[in-house]
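Subject: Structure handover

Hi,

Here is the structure for you to open alongside this email. Please keep it on screen while you read.

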Amino acid sequence: MLSANGVTIRFGKRVLFEDVNIRFGKGNCYGIIGANGAGKSTFLKVLSGELEPSKGEVTLDKTERISVLKQDHFAFEENTVLDTVIMGNKELYSIMKEKEEIYAKPDFSEEDGMRAAQLEERFAELDGWNAEADAEKLLNDLGIVSENHYKLMKNIEAREKVKVLLAQSLFGNPDVLLLDEPTNDLDLKSINWLQEFLINFENTVIVVSHDRYFLNKVCTHIADVDFGKITVYPGNYDFWYESSQLALKQAKEQNKKKEDKIKELQEFIARFSANASKSKQATSRKKTLEKIQLEEIKPSNRRYPYVDFKPDREPGKEILQVKNISKTINGEKILDKVSFTVKQNDKIAFLADNEMAKTVLFQIIAGELEPDEGELIWGTTITKDYFPKDNNYLFDCDETLTDWLRKYSKEPDETYVRGFLGRMLFSGDEALKKANVLSGGEKVRCVLSKMMLSGANFLIFDEPTNHLDMESITSVNDGMQKFKGNILFTSHDHQLTQTVANRIIDIKSDKVIDKEVTYNEYLGIE
């Protein structure tokens with residue numbers, strides 16, 4: 001049993017959370033949620049022992065093992081893929097290496113023999129004889145082919161390193177599993193496999209994720225980091241969200257009733273406290289007034305940006321024809337005669353075996369890249385705007401955020417632009433930040449602002465929710481759903497794809513699959 005007892009985290013005068021008391025039960029999966037900066041990842045570091053709390057303690061039975069998903073993808077460059085996975089169980093790996101050293105000695109002493117016997121006994125207790133087979137199964141399940149298992153980590157692709165570190169954290173049936181954003185950079189097949197693994201995992205899982213669909217699938221409890229506290233609720237993310245909104249509404253309504261009562265009593269006291277015949281009644285009501293305490297509804301740390309794409313004109317019947325688009329980059333054929341027609345009201349989610357295919361196609365449609373073959377035929381009423389997956393080039397300047405956004409605004413007045421930035425959570429002096437020092441999430445909100453100001457009726461989004469917190473993802477999701485024009489997009493956020501897309505185009509290596517269905521229908525999920 002892992003537990004946090006009276007845990008407080010302070011950084012200087014800032015208190016992230018205080019006096020946290022949580023017991024994490026076996027067989028449960030706890031989703032840690034909260035606004036960016038609320039302390040989710042910090043809490044995981046406290047639970048893992050990487051960070052000492054300012055106050056309180058974390059306890060775990062000495063016989064139990066905790067495993068953490070490592071974030072440094074380059075920490076094991078000189079190790080083989082297979083060894084990196086087995087390193088997930090430190091004791092087992094150290095025994096394996098010590099055994100190898102002893103058995104490699106040319107002069108094997110009696111003392112070496114006794115030590116080897118001890119190691120063999122513990123090795124068997126840790127199921128060491130099956131370690132390599134178990135590690136290989138995890139790697140295979142995550143799509144890493146056998147020929148890569150004995151390569152050094154430095155010699156495999158970045159997207160495979162992510163999977164190796166995930167396999168490392170899952171290896172050896174840990175008693176407590178800590179996962180910080182485990183679905184980042186995973187393909188759909190790997191995410192689905194991980195969901196099933198965690199659903200069937202019999203020990204304790206504690207996970208931070210911005211993927212709402214993932215949290216709904218795997219979580220038995222939600223731990224909400226807000227109001228300087230961490231509160232645990234039974235159920236998945238959707239259950240927590242509905243419950244929390246209902247509770248907030250009820251608290252506000254209860255306060256409203258109390259406020260009305262206070263106002264009534266105050267008016268009575270003001271009117272009759274000087275009237276001798278009513279003075280006794282007024283005194284009684286004054287005592288009643290003193291007893292009424294308004295429940296304090298603290299402002300949540302959560303901040304929702306305003307995302308609303310409004311086209312300046314409605315699109316006509318002719319939208320876009322994509323005819324036989326082909327593109328080769330660095331000798332690799334990325335797109336091969338891709339064709340489709342965008343119709344009125346289409347909101348199309350794109351899938352692809354090769355992630356690069358989606359980005360290259362969107363760059364061509366956005367006019368940022370020329371195809372080798374093929375053509376685009378646009379309707380005369382169509383105006384487009386584009387959200388690039390890598391948006392850093394847009395911010396390679398020394399302008400303030402206000403000046404940066406003013407370039408894209410039909411209304412150049414500074415008050416208007418700063419007001420717009422305020423709705424996108426850049427308040428006060430934040431609007432004067434330099435564009436080239438913004439964080440990933442801030443850049444995303446800026447590009448979304450640019451797109452809203454464009455008035456375009458055809459929007460292209462390449463992974464718009466990367467770097468965003470749950471609240472911003474929800475706002476983007478709502479904005480895309482409400483948009484009256486056409487959308488082409490790709491996203492690893494399952495819920496966004498399911499709720500926005502009415503058509504799926506899947507670019508395979510040998511064909512293009514085009515179906516007018518929802519995402520779940522395409523995947524065969526009920």
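Predicted model: local features only at pLDDT ≥ 70, side-chain atom pairs only at ≥ 80, totals over all residues.

Residues are numbered from 1 along each chain as its sequence is written, and side-chain values use heavy atoms, with hydrogens and water left out.

**The sheet**

An open sheet is built from 6 strands, in the order S5-S6-S7-S3-S8-S9, with mixed pairing. Strands S5 (66-68) and S9 (229-234) stand at the edges with a single partner strand each, so one side of each has no neighbour in the sheet. Neighbouring strands are turned by 20° against each other on average, direction ignored.

Some terms. Helices (H or I, at least four residues) and strands (E, at least two) are DSSP runs, numbered from the N terminus. Two strands pair if DSSP finds at least two bridges between them. Axes are lines fitted to C-alpha atoms, for helices over the stretch in contact (heavy atoms within 4.5 Å), and angles run from 0 to 180 degrees between N-to-C directions.

Helix H6 (residues 158-170) lies across S5 and strand S6 (176-180), at about 155° to S6.

**Strand S7**

S7 (residues 204-208) pairs in the parallel sense with S3 (residues 29-34), over 4 bridges. Gly 31 has Val 207 as its bridge partner, and Ile 32 has Val 208. S6 also runs parallel to S7, joined to it by 5 bridges. There, Leu 178 stands opposite Ile 206. The chain gets from S6 to S7 through helix H7 (residues 188-200), in a right-handed β-α-β crossover (with the strands pointing away from the viewer, the path from the first strand over the helix to the second runs clockwise).

How buried is S7? 5 of its 5 residues are buried, so the rest of the structure largely encloses S7. Buried means under 20% relative accessible area, exposed over 50%, partly exposed in between (1.4 Å probe, protein chains only). Thr 204, Ile 206 and Val 208 point one way, Val 205 and Val 207 the other.

**The cavity**

The whole structure has 1 cavity of 30 Å³ or more. A cavity is a set of points on a 1 Å grid over the protein atoms alone, where a 1.4 Å probe fits but cannot get out; lining residues have an atom within 4 Å of a point. Its lining is Ile 33, Gly 34, Tyr 237, Trp 240, Arg 302, Met 470 and Glu 471. S3, helix H9 (237-272) and helix H15 (470-482) each supply at least two lining residues.

Best wishes

Key:
1 Å grid on protein atoms, 1.4 Å probe; cavity = no way out; pocket = protein on both sides within 12 Å on 5 of 7 lines; lining within 4 Å. Points joined across faces, edges and corners; volume = space filled by probe spheres on them.
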